[in-house]
Amino acid sequence: MKKLLKGKMILLLMMALMLLLSACNSSGTGGQTESGASSGDSKSSDKLVIGFSQVGAESEWRTANTKSMQDAIKAAGHELKFSDAQQKQENQIKAIRSFIAQKVDAIVFSPVVETGFETVLQEAKDAGIPVFLADRSVDIEDDSLWVTFLGSDFVEEGRKAANWLVEETKDEEGDVNIVELQGTVGSAPAIDRKEGFEEVIKDHPNLKIIKSQTGDFTRAKGKEVMEAFLKSDGDNIDVLYAHNDDMAIGAIQAIEEYGLKPGEDIKIIGVDAVKGAFEAMAAGKMNVTVECNPLFGPQMVDLIEAHLAGEEIEKRVAVEESMYTMDQAEELLPTREY
Ligand code: GZL
């Protein structure tokens with residue numbers, strides 16, 4: 001009798017142990033909690049295949065952004081399929097179609113211009129592949145075509161540039177003649193940085209944009225267009241507003257070759273806050289740069305993993321940024337990551 005009882009006790013204990021083990025196993029594998037958020041690891045822990053269609057390699061900013069994205073995707077253990085569009089829209093459309101054909105888990109896309117992507121983004125949606133906008137956005141009504149837009153507020157960057165100039169010239173008599181090097185025609189940063197700058201200077205009639213032309217975000221084109229500005233208005237130019245530091249650096253070369261002192265005879269305003277701008281400011285050749293932070297790779301990977309794990313994602317996620325002036329450059333230059 002005793003033996004029978006003992007045997008039953010052991011059986012009951014074994015059954016209880018098995019029940020306990022199976023309960024632990026189900027709660028530890030990211031199962032849903034009441035709140036709907038995933039329990040435990042709230043991100044997809046599977047190895048993902050991520051297609052990344054990048055604008056190009058046109059600037060220091062872009063190179064740093066590409067590295068940030070590539071390093072973050074690799075560090076998270078995911079596979080990256082990368083495409084450099086060389087600033088051509090048709091190459092981005094081809095790349096996205098290729099990612100769809102390869103059935104990637106997610107597409108990250110920095111649109112070279114705001115329009116002309118509806119069809120291919122609809123194709124990605126029809127294929128059930130989520131699209132994440134990085135850096136630049138698109139001008140499309142149907143915002144179901146992308147999960148989120150992670151990037152800077154370019155209009156605010158334009159306002160910051162203009163507000164610095166308002167403060168810098170508040171005690172000056174007469175007109176302040178500005179030449180503007182715009183970014184890539186039709187791109188979100190070019191459109192928005194112009195909008196933000198003009199929104200501020202419209203209340204200061206002495207601040208006048210006398211020439212404005214695209215330098216396509218590159219040093220070479222920035223230098224070429226600044227040479228033309230100097231040829232037509234050289235001694236009448238007080239300020240350069242460049243939509244990125246690379247064009248400003250190209251323009252600085254043109255100003256020196258023309259025989260004027262950049263940073264003194266012509267004040268230089270750039271955007272991005274890349275290392276080249278800090279070097280120019282430390283040399284006294286540039287006055288201010290508005291930060292546009294490219295190092296959001298880890299943040300983008302977090303957003304992709306959270307979305308694929310079923311979490312709600314904000315439609316718009318802004319990148320926090322600052323502004324740096326000539327007097328800060330020497331001290332900050334060694335600390336700059338891009
Ligand atoms: C801004 C980015 C712009 C940079 C340029 O987020 O899209 O493109 O300002 C780059 O340097 O070419």
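A residue is taken as buried when its relative accessible area is under 20%; in this predicted model, Glu291 and Arg336 both fall into that buried class. Their side chains meet in a salt bridge with an N to O separation of 3.5 Å, and because Glu291 belongs to strand β10 (residues 288-291) while Arg336 lies in the segment after α11 (326-332), the pair ties together parts that are 45 residues apart in sequence.

In total, 22 salt bridges are counted. One of them joins Lys267 to Glu168 at 3.9 Å, N to O, and since Lys267 is in strand β9 (residues 267-272) and Glu168 in helix α5 (residues 154-168), this contact ties together parts that are 99 residues apart in sequence. Lys267 is buried, with a relative accessible area of 17%, whereas Glu168 is partly exposed at 35%. Asp135 and Arg136 also form a salt bridge, with their closest N and O atoms 3.7 Å apart, and both residues are buried; together with Glu58 and Arg62, they are linked in a network of salt bridges.

The count of aromatic pairs comes to 4. Among them, Phe278 and Tyr324 form a tilted pair, 5.3 Å centre to centre with 55° between the planes, and as Phe278 lies in helix α9 (residues 275-282) and Tyr324 in strand β12 (residues 323-325), the pair ties together parts that are 46 residues apart in sequence. Phe278 is buried at 0% relative accessibility, and Tyr324 is buried at 13%.

Asp142 is placed in the loop between β4 (131-134) and β5 (148-151) and, at 32% relative accessibility, counts as partly exposed.

Terms used: Residues numbered from 1 in each chain as written. Predicted model: local features only at pLDDT ≥ 70, side-chain atom pairs only at ≥ 80, totals over all residues. Heavy atoms only, no water. Helix = DSSP H or I, 4+ residues; strand = E, 2+ residues; numbered from the N terminus. Buried < 20%, exposed > 50% of the residue type's maximum accessible area, 1.4 Å probe, protein only. Phe/Tyr/Trp six-rings, centres within 6.5 Å; stacked < 30°, edge-to-face > 60°. Salt bridge = Lys/Arg side-chain N within 4 Å of Asp/Glu carboxyl O.
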